[in-house]
Each structure stands twice: as structure tokens, then as C-alpha cells.
Amino acid sequence: MTIQQVFFLAVAAITLFAAVMVVSTRRIMHAALWLILALFGVAVSFALLETGFFAVVQVVVYIGAIAILIIFAVMLTRQVFLDVGPQLNRGWWIPAVLVAGLYAALVGVLSTWSGFQTQAAALPEAASDLSQFGLALVDVNAYAVPFEVASVLLLGALVGAIFVASDRKGVER
Amino acid sequence: MIPLSWYLIFAAALFCIGLFGVMARKNAVAILMGVELMLNAVNINLLAFWRYLYAPDFAGWTFVAIVLVAAAAETAVGLALIISVYRRRSTVVVDDLSLMKG
């Protein structure tokens with residue numbers, strides 16, 4: 001086993017443990033903090049895939065924006081800072097069995113695929129050139145349309161979020 | 001080097017944990033956290049396939065960027081909905097949000 005493999009296994013173990021804590025811890029604020037650790041583990045695995053750009057984007061967008069937004073929502077939607085009672089549904093073992101089955105099925109199907117043990121070839125020089133990616137995003141013959149659609153989606157989400165969350169009591173009543 | 005299978009197994013486990021959170025948690029914010037875990041698992045898969053099979057082509061990167069944008073939009077709108085619901089009903093426990101139950 002190389003150092004890289006050991007490092008990957010450690011990162012994967014930490015990430016999966018943090019993810020399990022996200023879905024199982026009783027205190028919702030602790031779940032939000034565990035989520036940050038899980039997202040950071042994902043960012044490290046992006047870096048291991050030699051896509052440093054997305055590792056940085058993951059830290060900036062997910063940890064810097066989405067996780068903070070979730071923490072804000074946790075703090076805004078509670079009267080007291082203690083979560084009483086169970087945080088899982090009564091029949092929580094049914095989804096547990098379902099996802100265990102799904103995981104076994106996924107790994108089973110993947111292991112029959114011929115490309116499952118593919119080793120990475122050396123990364124071509126062109127693949128780490130960020131300016132090429134930027135040009136591809138605005139090139140009409142490449143990915144200009146998905147890029148614009150994403151922009152419109154963000155704008156729509158922005159307007160929709162403000163509209164949904166705004167306090168319109170003065171207008172309605 | 002790390003084989004592709006390790007990334008796929010890791011992402012599948014992360015996706016399943018997120019799915020469990022979506023199905024089993026009571027708090028709407030915790031359900032959104034489960035969705036975030038699932039989206040991250042998808043991104044690991046996309047980047048792993050890009051790295052191992054389609055390396056110099058930027059299609060995979062574009063896909064990941066779109067998923068990131070969709071995740072940000074989903075979180076913003078979802079949390080706005082949760083805050084709106086909390087303002088009207090004073091709860092974010094999805095069991096209590098049975099207004100549309102027949």
C-alpha cells in the first residue's frame with residue numbers, strides 16, 4: 001500500500017464517520033458542525049483526484065456558504081437550544097435496511113463492471129489548465145448554454161428565496 | 001495509485017448515508033443536510049469518472065460545476081421555505097406539517 005492509498009482510506013473513514021454523525025446525532029447544531037467535517041473530507045478527496053480547482057470551490061461554496069447558511073437556518077428555527085426527544089422517525093430501521101440493501105446492490109452491480117479496477121493514467125497537461133476550462137464555459141461550441149442555464153437558475157433561486165422568506169404580513173393582513 | 005473502485009465504493013457509502021438521513025430524520029434542516037451529502041457523493045463520482053476515463057475533456061468539470069450551482073440554489077430555496085414554514089407554524093418537524101393531509 002502506498003502512502004496515497006493510506007491517506008485516502010483515512011480521509012474516507014473520517015468523512016464517512018462524520019456523515020454517520022450528521023444523520024444520527026440528536027443535536028441539530030452538532031449535525032451541522034459534523035456536516036462541515038464531512039464536506040471538508042469530500043474536498044480532500046477532490047484534491048486527491050487532482051482537481052484542485054473543485055477542492056477550492058468545495059471549501060469556498062460548501063463550507064463557506066452552504067454550511068453557514070444551514071447553521072443560520074438551525075439558529076433561526078429554534079426557540080430553545082436543546083433538542084428534546086428522538087430526532088429519528090419511529091420506523092427509522094426501515095430506511096436503514098433499505099439503504100443497506102441499496103449499498104450492497106450498488107457495490108454488487110459495480111463489481112461486475114469491467115472498468116471497476118481501472119488505474120488512473122497520468123493526467124495530461126491540458127487537463128490542469130484552468131484558463132481552458134474558463135474558455136470552454138463561454139465558447140458557444142462547447143458549454144456556453146449549460147453555463148447560461150446555470151446562471152438563470154441561480155438568479156431564479158435568488159429571487160425565489162427572497163420572495164418565499166420575506167415577511168409579507170403587512171401586505172396580506 | 002488508488003483504483004477507481006475505491007472512489008466509487010466511498011461515494012456509494014456517502015450517498016446511502018445521505019439517503020438514510022433524508023428518509024429517517026424528523027427535522028427539515030437535517031433532511032436538507034442529507035441531500036447535501038447525496039449531492040457531494042454524486043460530485044465525487046463525476047470527478048472520479050472524469051479523472052480515470054475522460055481526463056482531458058472538460059465535460060465532466062462542467063457537469064460538476066452545474067451540480068454545485070444546483071446545490072447552492074436548492075439550499076437557498078429550501079432554507080427559505082423552512083424559515084417561511086417556521087414563521088407560520090412554529091415548527092420544522094416534518095411530522096407536524098400535515099396541513100395538506102386528506
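# Reading a two-chain model

Me: In which helix is Met21(A) placed?

Reply: Met21(A) sits in helix α1 of chain A. Helices here are DSSP runs of H or I at least four residues long, strands are runs of E of at least two, and both are numbered from the N terminus. The model is predicted, so local features need pLDDT of at least 70 and side-chain atom pairs count only at pLDDT 80 or more, while totals for chains, interfaces and linings use all residues. Residues are numbered from 1 along each chain as its sequence is written, and chains are lettered from A and ligands numbered from 1 in the order in which they are written.

Me: Is Met21(A) buried or exposed, or partly exposed?

Reply: Count the other C-beta atoms, placed from the backbone, within 10 Å of the residue's own: 20 or more is buried, 12 or fewer is exposed, and in between is partly exposed. Met21(A) has 17 such atoms, so it is partly exposed.

Me: How far can the model be trusted, for instance in chain B?

Reply: Chain B averages 88, and 99% of its residues score at least 70. Within chain B, α1(B) has the highest confidence, at 92, and α3(B) the lowest, at a mean of 89. For the model, ipTM is 0.90 and pTM is 0.88.

Me: What span should α2(A) have, and what is found?

Reply: The expected span of a helix is 1.5 Å times one less than its number of residues. For the 21 residues of α2(A) that should be 30 Å, and the end C-alpha atoms are 30 Å apart, which agrees. In chain B, α2(B) has 26 residues and reaches 38 Å from first C-alpha to last, close to the 38 Å expected. Of those 26 residues, 19 are buried, so α2(B) is largely enclosed by the rest of the structure.

Me: Which residue with positive phi follows α2(A)?

Reply: Glu50(A) follows α2(A), with a phi near 60 degrees. That is a positive value in a residue other than glycine. Glu50(A) lies in the loop between α2 and α3 of chain A. Its 16 C-beta neighbours inside 10 Å make Glu50(A) partly exposed.

Me: With what is Phe15(B) in contact?

Reply: Two residues are in contact if their C-beta atoms, placed from the backbone, lie within 7 Å. Leaving aside neighbours within four places in sequence, Phe15(B) is in contact with Met38(B) and Ala41(B). Phe15(B) lies in helix α1 of chain B and is buried, with 23 other C-beta atoms within 10 Å. Asn40(B), 25 residues away in sequence, is 8.0 Å from Phe15(B), C-alpha to C-alpha.

Me: Which residues touch the most other members of the largest nonpolar core?

Reply: A nonpolar core is a set of buried Ala, Val, Leu, Ile, Met, Phe, Trp, Tyr and Cys residues joined through C-beta atoms within 7 Å. The largest one has 73 residues, and Val22(A), Leu35(A), Ile70(A) and Val29(B) touch the most other members. The elements giving two or more residues to this core are α1 (3-24), α2 (28-48), α3 (52-76) and α6 (144-165) of chain A, and α1 (4-24), α2 (28-53) and α3 (59-89) of chain B. Not counting residues up to four places away in sequence, Ile70(A) touches Ala32(A), Leu35(A), Val29(B), Leu32(B) and Met33(B).

Me: How many residues of chain B are in contact with chain A?

Reply: The number is 61, and they are in contact with 70 residues of chain A. On the chain B side, α1, α2 and α3 are the elements that give two or more residues, and α3(B) gives the most, with 20 residues. This side divides into 48 nonpolar, 9 polar and 4 charged residues. For that count, Ala, Val, Leu, Ile, Met, Phe, Trp, Tyr, Cys and Pro are nonpolar, Asp, Glu, Lys and Arg are charged, and the others, Gly among them, are polar.

Conventions: pLDDT = per-residue confidence, 0-100.
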